[in-house]
Each structure stands twice: as structure tokens, then as C-alpha cells.
Amino acid sequence: MAETGSTTPPRPLGLLAELTHRCPLGCPYCSNPLALDTRDGELAAATWARVFREASVLGVLQVHLSGGEPGARRDLVEIAASAHAAGLYTNLITSGVGLTARRLTELVQAGLDHVQVSIQDSAPSSADHIAGYEGAFTRKHELASEVVRLGLPLTVNAVIHRANIDRVGDMVDLALALGASRVEIAHVQYYGWALKNRAALIPTREQVDRAVTLVDELRARHHGRIVIDAVVPDYYARYPKPCVGGWGRRSFNVTPSGKVLPCHAAESIPGLVFWSVRQHTLAEIWQESPAFNAFRGTAWMKEPCASCPRRDQDFGGCRCQAFALTGDAAATDPVCHLSPNRAQVTALTAVQDDAPYFYRRM
Ligand code: SF4
Ligand code: SF4
């Protein structure tokens, strides 16, 4: 893979800390890799504390404590406290299952700044079915209410796909009822588990068009009450999104076992070697590791990206998607209408099958 010669990478702003891959739920679109890290390989709290200090020195402002379900870590409060002590704005991304009100209070006392709770649907039985966990809807509701009661800002992350896209309006209403200040309409991205379940998850063009129109109406209706973030799902877009703000430009992930990735799906690209915080400092990894430099800048690009005026806006789209759909990680993201492979993506949107989900399990 070509190096770009980019000698001074920008400073990262965000760190996604995947504290564990353990999770009681089994979402069929989970962004964790198919090969999940096991508990015995997880970084110790003291190592996370060092990672947070190094991240802060590197320029990171915000850490997302994520998983799996971060509540599965018994030392979560200690970990959150060390992120706060490092001066990072500390956000907890939780399924809402596995965290008690008491632990949430301890997290607030430890300096937690913000909580993001994912929801599977506005209809309880459908939500539990999608999560593969009976009672998940109720537990999330209770946890979200507790977050607001404790005075923390709450974001609801509504993951959208064929089974729930027609209830986008109800999910925004649910977020409002829970007291959220922001709701993210997050269409499923087809990597990992979601790629495995793509035919069962992908919405129709008509569903997407209706949802996009509705979101515009909801934004106008609820202006000043709740912020609604949404992007058009990739497979129906004209241009790709600037994936993770550009490879090795804005943020990075640390996996439960300590590998540092430019994005959560990066391990799906063969041939890249990801350095670990067990052997290297974050600064070494960010600045010098071959994997982070593989797709920085524009020298690695092929046509049509190489001479495209948008190449510094969307950076050619997602490298993982390019590899998953074309077998070439340096190809133009095939969701771009200028890609020679765009017809393949359009054909895939027609492959729909209501087969049972392939749930994510350890
Ligand atoms: S997406 Fe679902 S299964 Fe995956 S970590 Fe989140 S709650 Fe757990
Ligand atoms: S050709 Fe490449 S740079 Fe141009 S819009 Fe498409 S993906 Fe972006």
C-alpha cells in the first residue's frame, strides 16, 4: 500500500475507547468485528489511564467510552475517572443494559460529562427482538430517565434499518419524551455484522426517501427542543461520506486488547498491521505507524478520485467499504456515483430477504 509522504499528520480530536467487546445484547448490525476480543485480553484500567493521558497530550479533546457494553467492566468508574483526570470530555456510549442507577451516580461523581444511549425501536417488542434480548427496551428507558434525572446531557442513538425506518418519527418522539437534547438517526453501515445481515437490514429506496423527508419536517417542528442529526444511508447516497473525517485525520479507536485503529472496521482490510498501546505510545502510533499512514493525504488515490475536485472533502469515501465491495481498499468508495463499481451497489440494494437475523454473540 502506498505511503503518502504526509510528514505532519493533523492532531486527533476524538478517541473511541472500546473497553470490552462483551455485551448482553446481540444487535445484528453491531459495529464490533466478527472476531470479538475476549475478556482475558482486555487492557487493564491502569493502561487505559496511560492511554488517556497520552491522548490528551496528542490533542484529543473527547473520549467515548464504548464497547460492547462498557458497563460489563467492573472497573468502569475507575476508567471514567482517569479519562476525566486526563482532561478529556468523557462520553459514555451504552446499551443501557448492565448499568445500575447506583453505578451511574458513581460515574457522574467520577466526572462523566455525557451519556449516549442506543435504542433499537420505539415499539418495545420490536426493540427487544432486534436487540435479541427480552426486556432491553424497558432497561434502556429506565437508564435514560436516570441520566436526565442526574442532570447529564443525553443523546439517543436510533439505529435505523428496514424493520424500524417507518417509525423514525416515533423514535424522535421517544427521544423527546426521555428528555434527550440530541437524537442521532444513524442508518446502519454495512460492515462486519451488518454486512452479514445486509439483506435483512437494508431498507427500500421508497422507505429512505420517506424518512429523509420526514426528518426535514421533524427538524423544523422540533427546532429549539432537540437536535436531530441524520445522514442519508450510504447505499442510496450520490457521494460517499468523509468516513471518520478522513483516515488518520480526526480520530482513532483503541480496541479492548489495545490495538489502535483509524476506524472501527479497519481490521477488515488485509495487509495492514495495527500497532498496540502495549508496545507503543499513542504519538508513535498516530504519527509513524504504517497503517495510519496508508491512506493519509491523496497520493494513494486512484482515478476517478485522484483528479476529483471533491477529493479533499470526502477523501474518496470509506476504505473499508471500498475493500468489502471491490476487493481493493484504494478504490473509489463504490457508493460514489462516479465510481466504476456504482452499479454493483445499486444491485445490492435490491437484494432483500426477511430471513432471521444472524445475531452478534461472543
Ligand atoms: S450494537 Fe448492540 S450488540 Fe453491539 S455493542 Fe452495541 S448494544 Fe451491544
Ligand atoms: S470520485 Fe472520489 S473524491 Fe470524487 S466524489 Fe467520488 S469518492 Fe469523492
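Is phenylalanine 315 buried or exposed? Select the residue in this predicted model and display its surroundings. Phenylalanine 315 is buried, because 25 other C-beta atoms lie within 10 Å and the threshold for that class is 20 or more. The residue occupies the loop between helix 12 and helix 13 (319-326).

Next, select valine 244, in the loop that joins strand 7 (227-230) to strand 8 (251-254). Here too a non-glycine residue has a positive phi, of about 45°. Valine 244 counts as buried, because it has 24 C-beta neighbours inside 10 Å.

**Cis peptide bonds**

Move to the loop between strand 2 (62-66) and helix 2 (76-85), where glycine 68 is located. The peptide bond leading from glycine 67 to glycine 68 is cis, and its omega is near 15°. Keep these two glycines selected and show ligand 1: Gly67 and Gly68 are among the residues around it.

A further cis bond runs from glutamate 303 to proline 304, with omega near 10°. Proline 304 is placed in the loop between helix 11 (290-293) and helix 12 (311-314).

**The ligand shells**

Return to ligand 1 and select the rest of its shell, which includes Cys23, Cys27, Cys30, Glu69 and Arg360. Leu25, Gly26, Asn32, Ser95 and Ser118 also belong to the residues around ligand 1. By class, this shell holds four nonpolar, six polar and two charged residues.

Then centre the view on ligand 2, which is surrounded by 14 residues. The closest are Cys305, Cys308, Arg310, Cys336 and Leu338. The shell of ligand 2 comprises seven nonpolar, three polar and four charged residues.

**A helix pair**

Select helix 6 (residues 168-178) together with helix 9 (residues 205-221); their axes come within 10 Å and cross at roughly 35°. The crossing of helix 6 past helix 9 is right-handed. To see the contact itself, show Val168, Gly169 and Val172 on helix 6, which meet Ala211, Leu214, Val215 and Leu218 on helix 9. This contact has six nonpolar residues, one polar residue and no charged residues.

**Two distances to draw**

Select threonine 326 in helix 13. With 17 C-beta neighbours inside 10 Å, the residue counts as partly exposed. Leaving aside residues up to four places away in sequence, threonine 326 touches Ala331, Pro334 and Asn341.

Alanine 127 is 81 residues from alanine 46 in sequence, and their C-alpha atoms are 36 Å apart in space.

**Confidence**

Finally, colour the model by pLDDT. The protein averages 95, and 98% of the residues score at least 70. Residues 1-6 stay under 50, and the model has 17 contacts for them beyond four places in sequence. Where pLDDT is low, the predicted coordinates should not be read in detail.

Terms used:
Residues numbered from 1 in each chain as written. Chains lettered and ligands numbered in written order. Predicted model: local features only at pLDDT ≥ 70, side-chain atom pairs only at ≥ 80, totals over all residues. Axes fitted to C-alpha atoms, helices over the stretch in contact; angles between N-to-C directions. Helix = DSSP H or I, 4+ residues; strand = E, 2+ residues; numbered from the N terminus. Left-handed = near helix turned anticlockwise from the far one by under 90°. Contact = placed C-beta atoms within 7 Å. Nonpolar A, V, L, I, M, F, W, Y, C, P; charged D, E, K, R; others polar. Buried ≥ 20, exposed ≤ 12 C-beta atoms within 10 Å, placed from the backbone. pLDDT = per-residue confidence, 0-100. Near = placed C-beta within 6 Å.
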